[in-house]
Amino acid sequence: MPSGDVTIARMTDSSPWSNDELRALREMARAFCEKEIAPNGDKFREQHHVDRDLWNKAGEVGLLCMSIPEEYGGGGGTFAHEAVLMEEQARIADSSWGVSLHNGIVAHYLLAYGSEEQKTKWLPKMATGEVVGAIAMTEPGTGSDLQSVKSKAIKDGDDYVIDGSKTFITNGQQADLIIVVAKTDPNEGAKGISLILVEADREGFRRGRVLDKIGQRGQDTSELFFDGVRVPQSNLLGTEEGQGFIQLMQQLPQERLIIAVTSVAGMEAAVEQTIAYTKEREAFGRPVFGFQNTKFKLAECATETRISRVFVDDCVVKHIKGELDIPTVAMAKWWTSDRAMVVADECLQLFGGYGYMNEYPIARMWADNRVQKIYAGTNEIMKEIIARSL
């Protein structure tokens, strides 16, 4: 991608939330991704997980928990620091490493709702890569409708006893600490939900298979099973039971913004790679880029990408200030994940038959992007959220 690196650097470094510190971080994150992830992409996809020591290497250079305060072992940065890493990961078309979940989601549940003891115990280990985090929301029969989860955490003496199953869990095979969404009061709906920390070495906890997905094949998305798992009541996240649904609703906007950021970065990478390819590939005696259809399609894709970038940059700025509202981030998640698929499909078409070959990043981008329209609340749910604000 000889011309692509210049383009993406110009667009991302001109973002209103960028600065000299973040530009330096981008150089380091780019070097890390190109050295530690890109050469191992095929291996990660074949084994359906990243190497465990990737987490430790990332911790050593300071790429884990960058937006967590220094007092808990983090980098003391903001969401912008996490966005830089997400963009660089998307630039190399990697979807294997579940670092955005670890950094931007699991760590922030602990920071927002954890006791001082929980934060000092777990966050420093997450920052070094000693502990990998996951969150178990979805169940075989429950997706976006979180208040209908069936997993139970029932008090017994000084413990909770957890029973249930979860599916589609990112970092499922490597997670050392899992935030489990469970009913502490099975007779209630949303008011009966709590979040409970479960260590992966607890008796009764079992990992199921790595799920066979059409995309993101290097990610260890898994089933998890809880059969009479006992944890102390001190593992409850929050000051009292029944706060789980509110906690989820408070944190889901950041998860949705993560999807928007990665969607836009993926769009940029797809356009840049396609421009480079069509200028080099010849058909009928001239570069494919020379045909009007190619230029017009790429003009459309570039415009879709730029519009999405401007919108998401504005959302990032608002989020850092604490001003990003739920309907707006729902718009960002819906719009960017939807347009990312449109752009990926148009770009794949311009690669011709090679676009359908997994050895070309555009093929993997097309397959990997599809799930963005589904998780963190389907795009249909996003439209419902938006409509309620009208």
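Arg91 is buried in this predicted model, with a relative accessible area of 2%, and the residue forms a salt bridge with Glu88 in which the closest N and O atoms are 3.1 Å apart. Glu88 also counts as buried, at 1% relative accessibility. Because Arg91 and Glu88 are three residues apart in helix H5, which spans residues 79-91, about one helical turn separates them.

**Salt bridges**

- The structure holds 26 salt bridges, and both Arg91 and Glu88 belong to a network of them that also links Arg26, Arg30, Glu34, Glu87, Glu268, Arg309 and Asp313.
- Glu346 and Lys297 meet through their side chains in a salt bridge, with an N to O distance of 3.4 Å. Since Glu346 lies in helix H10 (residues 326-350) and Lys297 in helix H9 (residues 292-321), this pair ties together parts that are 49 residues apart in sequence.
- Glu346 counts as partly exposed at 22% relative accessibility, and Lys297 is likewise partly exposed, with a relative accessible area of 25%.
- Asp314 and Lys318 form a salt bridge of 2.7 Å, N to O, between their side chains; both residues lie in helix H9, four residues apart, which is about one turn of the helix.
- Asp314 is partly exposed, with a relative accessible area of 34%, while Lys318 counts as partly exposed at 28% relative accessibility.

**Nonpolar cores**

- The largest nonpolar core has 64 residues, and the residues with the most contacts inside it are Trp97, Tyr109, Ile135 and Leu257. Helix H6, covering residues 99-113, supplies the largest share of this core, namely eight residues.
- Leaving out residues up to four places away in sequence, Leu257 touches Phe79, Cys315, Val316, His319, Leu324 and Val329.

**His319 and its surroundings**

- His319 is found in helix H9 and is partly exposed, with a relative accessible area of 21%.
- When neighbours within four places in sequence are set aside, His319 is in contact with Phe79, Gln254, Leu257 and Leu324.
- Although His319 and Gln254 are 65 residues apart in sequence, their C-alpha atoms are 8.1 Å apart in space, and their side chains make a polar contact of 2.6 Å.

**Cysteines**

- The structure has zero disulfides, where a disulfide would require a pair of cysteine sulfur atoms within 2.5 Å.
- For Cys33, the closest cysteine sulfur is that of Cys65, and because the two sulfur atoms are 16 Å apart, they are too far from each other for a bond.
- Cys33 is buried, with a relative accessible area of 1%, and Cys315, one of the residues touched by Leu257, is buried with a relative accessible area of 0%.

**A loop residue**

- Ser18 lies in the loop between helix H1 (4-13) and helix H2 (20-37), and at 15% relative accessibility this serine counts as buried.
- The side chains of Ser18 and Arg23 are joined by a polar contact of 3.4 Å.

**Domain records**

- An unreviewed UniProt entry lists residues 20-130 as "domain: Acyl-CoA dehydrogenase/oxidase N-terminal". Over residues 20-130 the chain is 68% helix and 0% strand, with the end C-alpha atoms 30 Å apart.
- For residues 242-390, the unreviewed UniProt entry gives "domain: Acyl-CoA dehydrogenase/oxidase C-terminal". Over residues 242-390 the chain is 74% helix and 3% strand, and the C-alpha atoms at the ends are 30 Å apart.

How values were computed: Residues numbered from 1 in each chain as written. Predicted model: local features only at pLDDT ≥ 70, side-chain atom pairs only at ≥ 80, totals over all residues. Heavy atoms only, no water. Buried < 20%, exposed > 50% of the residue type's maximum accessible area, 1.4 Å probe, protein only. UniProt positions renumbered as here; feature names shortened; annotations may be inferred. Helix = DSSP H or I, 4+ residues; strand = E, 2+ residues; numbered from the N terminus. Polar contact = N/O pair within 3.5 Å; in protein donor to acceptor, adjacent residues only side chain to side chain. Salt bridge = Lys/Arg side-chain N within 4 Å of Asp/Glu carboxyl O. Core = buried A, V, L, I, M, F, W, Y, C linked by side-chain atoms within 4.5 Å. Contact = heavy atoms within 4.5 Å.
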